[in-house]
Amino acid sequence: MLLAHDAHAQDARTVVLRFRKAGDTVAIRNAQITIDHTIDAGVTDSAGIVRIPDLEDGGHIVEAVAGGYQAFFDKFTSGPCVPMPIDLEILAGSVTAKPKGEPTELRVAGFARRRALGQGKFFTLAQLKAADGRPLANFLKVDAGAIMATGPNGESFLASRAQREAEKGATAPCYAAVVKDGLRIYPFERAAPPDLDKIFTDDLMSIEFYAAAAPVALRDVAKCGVLVLWNRS
């Protein structure tokens, strides 16, 4: 006895998927591919291609896991009118940037407590807004009595009072330590001091300037002064 053919039965065919890096022509090889959460389709070849035989026509879900790329989840449709291969793009994985500074114990939440100790000069958001976007080098010279040293390319570096003698060749340069948003960015590895002509008061939420005494967390690098900057969010 022959069974009647189900008019709603879907045809099946070999589906070819090709994966590449988003915005590029780089094929993604060795990506693990899963279809509809249950079908293990294997891994992509050197051309970024995987073939899924006998897959029913219609809508499907594809998942891809590849080293160096973000987890991928998308839909595709197979059928007699769909050209093969079906191209899919995967975004490269997010690379965690190496911190450009040494973490410190300083937090912006401690600003008021440190100001109460009276060890340095402190500038609030209201004061910085009133400064109307001045270069930080100028602001610190005028409002904090800070000393600026000129770098080899005309940069403005914050220096200790001993810097005046250093510029005469008496001693080595002595630049202030700089902390930005809790990270000590100078001294740090081979980093140069930040050029304070390129930082502006309207970039900042608050400033702490210690010409002599400094927070305990920074006393190991405070011999030439400390500048603590908190950016506006």
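Is Cys174 buried or exposed, and why does it count that way?

Modeller: Keep in mind that this is a predicted model. Cys174 counts as buried, because its relative accessibility is 14% and the cut-off for buried is under 20%. Its partner is Cys224: a disulfide joins the two, with an S to S distance of 1.3 Å. A search of the whole structure finds one disulfide. The link of Cys174 and Cys224 is left-handed, with -70° about the S-S bond. This pair ties together distant parts of the chain, 50 residues apart. Cys174 sits in the loop between α4 (163–166) and β12 (177–180). Cys224 sits in the loop between β14 (204–210) and β15 (226–231). Cys224 is also buried, because its relative accessibility is 6%. Cys81 is another matter: at 74% relative accessibility, Cys81 counts as exposed.

Now the backbone. Most residues other than glycine have a negative phi, and most peptide bonds are trans. Start with the peptide bonds. The bond from Met84 to Pro85 is cis, with omega near 0°. Pro85 belongs to the loop between β6 (72–78) and β7 (86–90). The bond from Tyr186 to Pro187 is cis as well, with omega near -10°. Pro187 falls in the loop between β13 (183–186) and β14.

Next, phi. Asp36 is not a glycine, yet its phi is positive, near 55°. Asp36 lies in the loop between β2 (32–35) and β3 (39–43). Asp36 counts as partly exposed, because its relative accessible area is 26%. Asp54 has a positive phi too, of about 55°, and is not a glycine either. Asp54 is found in a strand, β4 (residues 49–56). Asp54 counts as exposed, because its relative accessible area is 63% and the cut-off for exposed is over 50%.

One last stop, the largest pocket. Its volume is about 180 Å³. Of the 13 residues that line this pocket, the closest to its centre are Leu106, Arg113, Arg114, Pro215 and Val216. The lining residues of the largest pocket comprise seven nonpolar, one polar and five charged.

To return to your cysteines: Cys174 and Cys224 are joined by a disulfide, while Cys81 is exposed.

Methods: Residues are numbered from 1 along each chain as its sequence is written. This is a predicted model: local features need pLDDT of at least 70, side-chain atom pairs count only at pLDDT 80 or more; totals for chains, interfaces and linings use all residues. Side-chain values use heavy atoms; hydrogens and water are left out. On a 1 Å grid over the protein atoms alone, a cavity is a set of points where a 1.4 Å probe fits but cannot get out, and a pocket is an open set with protein on both sides within 12 Å along at least five of seven lines; lining residues have an atom within 4 Å of a point. Grid points are joined across faces, edges and corners, and a volume is the space filled by probe spheres set on the points. Ala, Val, Leu, Ile, Met, Phe, Trp, Tyr, Cys and Pro count as nonpolar, Asp, Glu, Lys and Arg as charged, and the others, Gly among them, as polar. A disulfide is a pair of cysteine sulfur atoms within 2.5 Å. Helices (H or I, at least four residues) and strands (E, at least two) are DSSP runs, numbered from the N terminus. Buried means under 20% relative accessible area, exposed over 50%, partly exposed in between (1.4 Å probe, protein chains only).
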